[in-house]
Amino acid sequence: MSEDAVRLLPADEGSWDLGSYLRRGGYASARKAVTGMAPADIIAEVRKAGLRGRGGAGFPAGLKWSFVPQGGPGPRYLCVNADEGEPGTFKDRAILVRDPHRLLEGMIVAAFAVGIRTAVIYVRGEYARLAGRLREAIAEAQGRGFLGRGIFGSAFDLEVIVHLGAGAYICGEETALLESIEGRRGLPRLKPPFPAVVGLFGSPTVINNVETLAAVPAIIGRGADWYTAIGQSKDCGVRLFSLSGAVRRPGLYELPTGMPLRTIIEDFGGGPPEGVAIKAVIPGGLSAPLLRADELGVPMDFESMGQACSMVGSAGIVVIGDRTPILEVLEVMARFYAHESCGQCTPCRIGTSWIHKTVTRIAGGHGRSSDIDLILRLTDGMKGRTFCPFGDAAALPMHALVAKFRDELEREVGR
Amino acid sequence: MSYVPSAEARERIDRAVAAYPEESAALLPVLHLIQGESGHISPEAEAWVAARLGIPPIRVREVVTFYTMFRRRPSGQTVIQVCRNLSCTLAGAEGVVAALRRELGLGPGDGDTASDGSVSLVTVECLGNCDRAPCLQVDGIDRGPVTPEAAVAIVREIRGR
């Protein structure tokens, strides 16, 4: 591991408990925020740190907090998105297993800054075992007066509910997540109104990813200037990069934002195994359009990846080796999006299932010469025509794959 | 046949309902509790939940059928979930699925149970364990990376218990 590595997250799960976290200086930032800072100053510090959402969309966290109307009657809610489902991503799992108190501390700061007294952590159903540890951590924090009533002896209260999902990728979309907490199918809501104004149970709501909130204690503790100095580009701070696929050392790497994709794969992941060359790389979870082997010099920051017509997304990097037929990758994508489309918007429901049918036909050896253009046309029909970002998240990566590897797919159809 | 959860489950259901600002928000946790006790969610259980939370039965049916982890038919004593999303496919997940189906005597039907009732096999999308691909979960416990032989050994161990 190079000296570029920044270690905020413990290397293993041996020190997740409260005692260990306190020895690492834990809860000092929350205490500082709750007992010594004005809410507006906390929000200003997080905005200055340039912290952008780590779930995929990259929305500035401090700005999101500032959208919640201040004053007025009625509750406000904080929803923590731990519905990690973007294929190729396993970072929130690591935070929940190794450092759950860092998440809780970030939640305390966020809730205090926005005037929230109830938080709901939405944990995907497949992480039920991890939710058990999270509940233990919450009980530990309550026992020390860090959660519950009169936190740090102040007048600030915060109650935390752990809510388990039940296997639906779409519930990672923030308004589908709200529907799911309310006990309904995860059908995304039409926006506006945005959740900051009309969210959970119709009340103003902040929704942040696990990794986003876990970054907050260090920002409050060491200051925004410290945080912004870490990044290697316009993006600030560190990120957790999930690395899997055709690499020698798959795993989770905590690195400054803006490091070139190739450096992460070669220097940290050890490059592809012996005798394998890189064919393509998915840089930010399955929904991020893939890059060819000659496009890997792009820095892993929002702007650079956007210019390369892809996205950093959830920073889930999947390396595809040259022995893997690109059709196999397309089959996985087509099946996944057809299965996970909630079915609410016609372009997405019909588009994903039609693409799946077409790709299955090609894979079965019955492809037609018009099939490749049909897939491209169907993705064009989905883009920008759905309630939620799922339509684009399905259309863009499948379009990019077909456009970039058209020759190989033509050969499959012509077989 | 009417359905009533055990006294212990009813007590846990009461606590789950009390945790939420609105009772109907407890629908997912209540369904998890019932499935945890019964192994699946029957139409009778759906009716009981609807009455308990004061919501129309159709809303319970909608939720049970929307979320893939809720099962509407009895499952085996152990449920194995095998991931076959991209990282796992690149690492040979299809071979793991094929070996498990052969060992359990199952066809391609998803969620089917071996004839001795020991194991149900479900293929799922990403389990968020991609650096340990190919991976699977045995009753929610993560295992990986697993070869086809290791997956078969897991099944034999379960059936030998």
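In the predicted model, A:Thr324 lies in the loop that connects β9 (316-321) to α13 (326-340) of chain A; helices (H or I, at least four residues) and strands (E, at least two) are DSSP runs, numbered from the N terminus. With a relative accessible area of 13%, A:Thr324 is buried (under 20% relative accessible area, 1.4 Å probe, protein chains only; exposed is over 50%, partly exposed in between). Apart from neighbours within four places in sequence, A:Thr324 is in contact with A:Lys279, A:Val329 and B:Leu90 (contact being heavy atoms within 4.5 Å).

In chain A, 5 strands make up an open sheet of mixed pairing, ordered β6-β5-β9-β7-β8; two strands pair if DSSP finds at least two bridges between them. Strand β5 (residues 238-245) of chain A runs antiparallel to β6(A) and is joined to it by 6 bridges. A:Leu240 has A:Glu254 of β6(A) as its bridge partner.

In helix α3 (residues 39-48) of chain A, the buried residues are A:Ile42, A:Ile43 and A:Val46. Viewed down the axis of α3(A), these fall within an arc of 95°, so they line one face of the helix; the arc is that of the directions from the helix axis to the C-beta atoms. Their cover includes α2 (28-36), α4 (61-66), α6 (100-114) and α9 (210-222) of chain A.

Residues are numbered from 1 along each chain as its sequence is written, and chains are lettered from A and ligands numbered from 1 in the order in which they are written. Local features need pLDDT of at least 70 and side-chain atom pairs count only at pLDDT 80 or more, whereas totals for chains, interfaces and linings use all residues; side-chain values use heavy atoms, with hydrogens and water left out.
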